[in-house]
Structure formats: C-alpha cells, structure tokens
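Dear colleague,

Please find below the structure I am handing over to you. My findings follow after it.

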Amino acid sequence: MAKTDANDKLYGERLDPYAPERLSDLVSYRIRLLQIAAFKSFESVTTGYGSIPRYYGLLELLSHNPGVTHNRLAEAVYLDKSSLVSILDMLQKEGVITREPSETDRRVKNLFITPKGAELLSDLNRHVTEHESMLMAGFSDEERSTLVRMLDKIDNNIRNSWEEQK
C-alpha cells in the first residue's frame, strides 16, 4: 500500500480538477472533462440499451440523413474513417443500421437506420430530454442559446483550421 500523509491530495478532500491555474483557463480541457462527465451521467440513466446510448448522436444523424456515406458521417462527427467502421460494424451487428450499396458507385455503401434502430432512438429521446434538462438546470433560455452559439463558434474554428491544413 502506498504511503500517504496529511497533505496527500489523493485522500481526504476532493481533488479540484481546475485547481492548477493553467487548467482552469483551458477551454479545451474544460470541454473534454465535461464531455466525459456528461457521457458517464447519460450512460448511467440509459441502462438496458446496450451500446446504443453511446452512439445516440450517430443514430440521430443517420435518421435525418438516410443514405449518407461513411466518409460524410465520419467527417461530421470528427472520427477517422477507420474508427467509424468498427462502430458501424457493431451497430449493424446489433441490427440498428444497414449498409446498402450505392446506386451510382459500387465502391460506396450508404448507411440507413433500421426500424429497430428508429424505435430505440425514439425510446432514448425521453432520456436525452431528461438528461439535457439536468445539464441545463439553472440556465435561462437566453443563456442556453448563448452557450450553443459559443460552442458553434468553437466548432467552426476547429473545422476551419482542419480545412486550412488540408
């Protein structure tokens, strides 16, 4: 067992993840930390759905963009194409998506949500709404809109930076 003393930050008071000044001012660090916390919180209230809650955003995108290609979906959600393939394999195995050959290019597969996937997505929407309400408790509608606009700016900055690097 590791030796500890009264000053050991691993025991006693909760370790403040924002205590180092450098971390408290890093927007990217704060976004990542909150993403981890939001994800864990959401998964804790969506048991019984297998891995589907983890990919709610992908399924929502597929439901509104039937026939989208792997490449376009990967680009939209900041995933490498190879990373997305394993996720799609799993979702297809669970019966929530299908891959169908493109009518114009035999090399391309178009993605579709299945009726089972649409039903699971519909069921999850209640949990998503409740979770979103918990996250935004204490925010006015104006504050929520401002936050979303600010996040959009960050998203645009990242996408523009990536485009410039190409």
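Please note that the model is a predicted one. His70 belongs to helix H4. Beyond its neighbours within four places in sequence, His70 touches Leu84, Leu88, Arg99, Lys109 and Leu111.

**The nonpolar core**

The largest nonpolar core comprises 21 residues, and those with the most contacts inside it are Ile52, Leu59, Leu73, Leu91, Val96 and Ile97. At least two residues of this core come from each of helix H3 (56–64), helix H4 (70–76), helix H5 (81–93), strand S3 (109–113) and helix H6 (115–135). For Leu73, again leaving aside neighbours within four places in sequence, the contacts are Leu58, Leu61, Leu62, Val68, Leu84, Leu88 and Leu111.

**Aromatic pairs**

There are two aromatic pairs. The ring centres of Tyr18 and Tyr29 are 6.2 Å apart with the planes at 85°, so this pair is edge-to-face. Tyr18 is in the segment before helix H1 (21–24) and Tyr29 in helix H2 (residues 27–44), 11 residues apart. Tyr78 and Trp162 are also edge-to-face, at 5.0 Å centre to centre and 85° between the planes. Tyr78 lies in the loop between H4 and H5 and Trp162 in helix H7 (residues 141–165), so the pair ties together parts 84 residues apart in sequence.

Two arginines accompany these rings: Arg30 lies over the face of Tyr18, 3.9 Å from the ring centre, and the charged end of Arg159 sits over the ring of Tyr78, 4.1 Å from its centre.

With kind regards

Note on methods:
Residues numbered from 1 in each chain as written. Predicted model: local features only at pLDDT ≥ 70, side-chain atom pairs only at ≥ 80, totals over all residues. Heavy atoms only, no water. Core = buried A, V, L, I, M, F, W, Y, C linked by side-chain atoms within 4.5 Å. Buried < 20%, exposed > 50% of the residue type's maximum accessible area, 1.4 Å probe, protein only. Helix = DSSP H or I, 4+ residues; strand = E, 2+ residues; numbered from the N terminus. Contact = heavy atoms within 4.5 Å. Phe/Tyr/Trp six-rings, centres within 6.5 Å; stacked < 30°, edge-to-face > 60°. Lys NZ or Arg CZ within 6 Å of the ring centre and 35° of its normal.
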